[in-house]
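This report describes the packing of one protein chain. Please consult the sequence and the coordinates alongside the text.

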Amino acid sequence: MTTASHLSVEEHAPSVQRFAPGKVNLTLAILGKRPDGYHELESWARQIDLRDRLTMRLSSEPGLQVSGLIEGVPDNEENLVWRAAQRVADAAGRPLDVEFHLEKYLPSGAGLGGGSSDAAATLLGLNELWGLGWPLEKLYEIAGLLGSDVPMFVSGHSAILRGRGERVEILKDSSKFYLVLIIPSFPLSTARVYARCEVSASLSGGRARPWEDGVKESRVLGPLLFNDLEPAAFTCEPMLAQLHAACDGIDGRSVRLTGSGSSLFALFDQLEEANAWARAVRSKIPSDVRLQIVSTL
Ligand code: C5P
């Protein structure tokens with residue numbers, strides 16, 4: 001049993017806190033299927049200010065506690081925080097003497113990178129808490145083993161992602177956009193969506209790269225965005241196709257899928273425009289769909 005004196009000691013134990021931001025994929029080109037079963041891609045991903053918070057504290061009673069707004073998040077070894085922590089402990093050859101508190105605000109299975117970002121926060125946080133002094137290259141390597149999206153969150157920046165997503169070219173893109181996230185009540189499994197993705201000749205090569213053009217206006221940029229996983233995601237979940245059809249084109253705004261879904265988004269220059277658009281959309285979509293306004297980091 002935890003005694004009062006024990007608690008006060010643990011409260012003052014060294015701790016590290018990190019935010020774990022989400023992302024949206026403004027573009028996502030599927031370039032082919034690889035012999036290892038993964039899909040070769042090129043994606044322009046921007047980090048957003050909707051984020052989880054992870055606190056790590058040295059403790060004689062290691063564990064993972066989950067709170068926040070998102071229900072059903074596992075607080076056991078299924079959680080990427082715990083899997084990431086175990087990998088670092090193994091590689092460092094030390095016991096996992098840490099108590100984690102994860103505050104979840106990013107929905108799971110939504111294409112916003114929540115689990116991956118939590119894993120990256122764990123790697124970066126333990127490197128600091130345990131004073132490991134590992135270079136970023138080593139963290140990138142472990143990140144890639146945990147999931148294709150994890151390395152981009154280790155980088156801490158918006159980026160162009162290549163390979164299966166683990167090759168990160170940092171993009172110091174300062175243009176700020178607001179996004180209306182359209183978050184359905186159902187999650188989508190990344191593996192399931194990729195399995196339905198039909199790689200055709202029309203998908204590979206010669207795709208638009210709007211990040212190279214420096215377009216700063218959302219009304220110009222919006223129609224240039226694309227996500228090759230949309231047909232597969234819409235087949236997996238026909239309700240998502242209906243939701244997209246209900247929102248896309250309202251007030252001339254393009255609506256896109258982020259990652260493998262299930263969230264959709266539209267892009268704006270001004271917060272007021274995003275608010276007005278969200279109000280117009282609200283009456284056209286089911287009440288269990290959440291609308292959340294965020295900005296790029
Ligand atoms: O890398 P991650 O664990 O996030 O991927 C989950 C699943 O999504 C993979 O097992 C694979 O089936 C699929 N995937 C893919 N191509 C990618 C990324 C993921 O086929 N580039």
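## Basis of the analysis

The model is predicted: local features require pLDDT of at least 70 and side-chain atom pairs pLDDT 80 or more, whereas totals for chains, interfaces and linings use all residues. Numbering starts from 1 along each chain as its sequence is written, and side-chain values use heavy atoms, with hydrogens and water left out.

## Nonpolar cores

A nonpolar core is here a set of buried Ala, Val, Leu, Ile, Met, Phe, Trp, Tyr and Cys residues joined through side-chain atoms within 4.5 Å. Buried denotes under 20% relative accessible area, exposed over 50%, and partly exposed the range in between (1.4 Å probe, protein chains only). The largest such core comprises 67 residues, and Phe100, Leu123, Leu126, Ile182, Leu240 and Trp277 have the most contacts inside it. Because domain 1 (4-170) and domain 2 (178-295) both contribute residues, this core lies between them; the domain bounds come from an automatic or database domain assignment. A second, separate core of 20 residues includes Trp44, Ile160, Leu171 and Leu225.

Contact means heavy atoms within 4.5 Å. With neighbours within four places in sequence set aside, the contacts of Ile182 include Leu243, Cys247, Val255, Trp277 and Leu291.

## Helix H9

Helices (H or I, at least four residues) and strands (E, at least two) are DSSP runs numbered from the N terminus. Helix H9 spans residues 238-247, and its buried residues are Leu240, Leu243, His244 and Cys247. These four cover an arc of only 100° around the axis, which places them on the same side of H9; the arc is taken from the directions from the helix axis to the C-beta atoms. Gln242 and Ala245 are exposed on the face turned away from the buried side.

The packing partners of the buried H9 residues are strands E7 (178-183), E9 (256-257) and E10 (264-268), together with helices H8 (230-236) and H10 (271-282).

On a 1 Å grid over the protein atoms alone, a cavity is a set of points where a 1.4 Å probe fits but cannot get out, and lining residues have an atom within 4 Å of a point. The largest cavity is lined by 13 residues, with Ser218, Gly222, Arg253, Ser254 and Leu267 nearest its centre. Helix H7 (218-221) and E10 are the elements that each give two or more residues to this lining. The largest share, three residues, comes from E10.

Notes:
On a 1 Å grid over the protein atoms alone, a cavity is a set of points where a 1.4 Å probe fits but cannot get out, and a pocket is an open set with protein on both sides within 12 Å along at least five of seven lines; lining residues have an atom within 4 Å of a point.
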